[in-house]
Amino acid sequence: MKSPSNAAAGAAEIDAETDATFPNAIEALRTRRSGHNFDPETDIDDATLEALVEDATLAPSSYNLQPWEFVAVQDEDRLDELVDLAYGQEHIRAAGTAVLVVGHDEPKTADRVFDEWVEAGRMDAETAEATKEQTLAMYDDERMGRDYAVRNASLAAQNFLLSAHARGLAATPMIGFDSEGVAEFLELPEEGVPVVLIAVGPSGGDEPERLPRRDVEEVLHRETF
Ligand SMILES: Cc1cc2nc3c(=O)[nH]c(=O)nc-3n(C[C@H](O)[C@H](O)[C@H](O)COP(=O)(O)O)c2cc1C
């Protein structure tokens with residue numbers, strides 16, 4: 001089956017059935033949209049929210065440190081406050097659920113995760129200890145710490161978006177919000193970096209045509225930039 005979205009995406013033609021091991025995954029990533037058309041009458045249930053977060057946690061992360069948390073807001077009055085903090089983005093209210101993906105700016109899971117590497121026989125104790133110390137030192141730097149938070153949590157956010165799409169939901173990632181205000185409103189701990197806010201909910205129907213994507217020839221560089 002040729003993906004109908006190939007042309008719109010400006011992507012190379014891939015025959016999903018013969019060229020791909022997981023054709024549905026290719027189809028999902030090619031048809032995902034940032035949905036702004038939510039059904040304001042229905043919201044996702046708890047099981048769906050938990051499934052989305054579980055899929056998000058399957059994202060890759062540096063040394064499997066999983067430096068992310070998810071704060072879900074579904075209370076109507078609190079959604080109204082979030083709309084204000086997101087400069088009036090009304091689709092947050094219509095979605096019914098907003099999830100802030102929060103990154104850690106320091107490897108606070110390091111003790112546990114490096115123990116897991118050793119327990120699984122994937123690293124010896126000495127290497128694990130040295131790698132842990134190196135990782136802690138590297139992210140002690142403020143800029144590196146923020147990069148660590150944003151890089152890892154962004155991958156989790158993309159998993160969340162693809163999972164929502166695969167489940168027939170609409171979802172939009174957002175950085176148009178007052179970061180400090182949202183951090184305070186959601187009572188984030190000091191090491192928590194608000195990375196991306198996701199509005200998610202049952203779709204209210206079609207989205208407008210996708211805007212053009214830059215061509216592969218324009219964005220792909222070989223050997224050097
Ligand atoms: C980092 C980032 C920030 C974004 N911020 C917002 C936002 O604040 N509000 C919004 O409605 N959409 C936001 N979007 C969605 C983009 O507008 C959307 O991804 C882009 O127009 C491409 O459309 P598509 O995702 O449907 O392919 C954001 C997307 C990304 C990746």
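N152 sits in helix α8, where helices (H or I, at least four residues) and strands (E, at least two) are DSSP runs numbered from the N terminus. The relative accessible area of N152 is 7%, so the residue is buried. Buried means under 20% relative accessible area, exposed over 50%, and partly exposed in between (1.4 Å probe, protein chains only). Beyond its neighbours within four places in sequence, N152 is in contact with P60, S61, S62, P67 and W68. Contact means heavy atoms within 4.5 Å.

The model is predicted: local features need pLDDT of at least 70, side-chain atom pairs count only at pLDDT 80 or more, and totals for chains, interfaces and linings use all residues. Residues are numbered from 1 along each chain as its sequence is written, and side-chain values use heavy atoms, with hydrogens and water left out.

Y139 lies in the loop between α7 (125-138) and α8. With a relative accessible area of 11%, Y139 is buried. Residues up to four places away in sequence aside, Y139 touches S62, D105, P107, M144, G145 and Y148. Y139 and D15 are 124 residues apart in sequence. In space their C-alpha atoms are 42 Å apart.

Helix α3 spans residues 46-56, and its buried residues are L49, A51, L52 and A56. Viewed down the axis of α3, these residues fall within an arc of 165°, so they line one face of the helix. The arc is that of the directions from the helix axis to the C-beta atoms. The face turned away from the buried side carries the exposed residues D46, A47, E50 and E54. The buried residues of α3 pack against β1 (68-73), β2 (97-104), α8 (142-166), β3 (169-174) and β4 (192-202).

The largest nonpolar core has 23 residues. Such a core is a set of buried Ala, Val, Leu, Ile, Met, Phe, Trp, Tyr and Cys residues joined through side-chain atoms within 4.5 Å. L52, F70, V101, F160, I198 and V200 touch the most other members. Two or more residues each come from α3, β1, β2, α8, β3 and β4. Helix α8 gives the largest share, seven residues. L52 of α3 is in contact with I44, F160, S163, A164, R167, L169 and V200, leaving aside its neighbours within four places in sequence. A second, separate core has 22 residues, including V73, A95, L100 and F185.

The loop between α3 and β1 holds N64 and Q66. N64 has a positive phi of about 60°, although it is not a glycine. Phi of Q66 is also positive, near 50°, and Q66 is not a glycine either. Most residues other than glycine have a negative phi. N64 has 37% relative accessibility and therefore counts as partly exposed. Q66, at 29%, also counts as partly exposed.

Helix α6 covers residues 110-119, with A110, V113, F114 and W117 buried. Down the axis of α6, the buried residues fall within an arc of 95°, so they line one face of the helix. An α-helix has 3.6 residues a turn, so residues three or four places apart point the same way. The opposite face of α6, turned away from the buried side, carries the exposed residues D111, R112 and E119. The cover over the buried residues of α6 includes α7. G121 follows α6 and has a positive phi, near 75°.

The ligand is surrounded by 13 residues. A residue is near a molecule or strand if one of its heavy atoms lies within 4 Å of it. The closest are R33, S34, H36, Q89 and R213. Strand β3 gives the largest share of this shell, three residues. Taken alone, the ligand exposes 620 Å², and the protein buries 62% of that. Accessible areas come from the Shrake-Rupley method with a 1.4 Å probe; for residues, only the protein chains shown count as cover.
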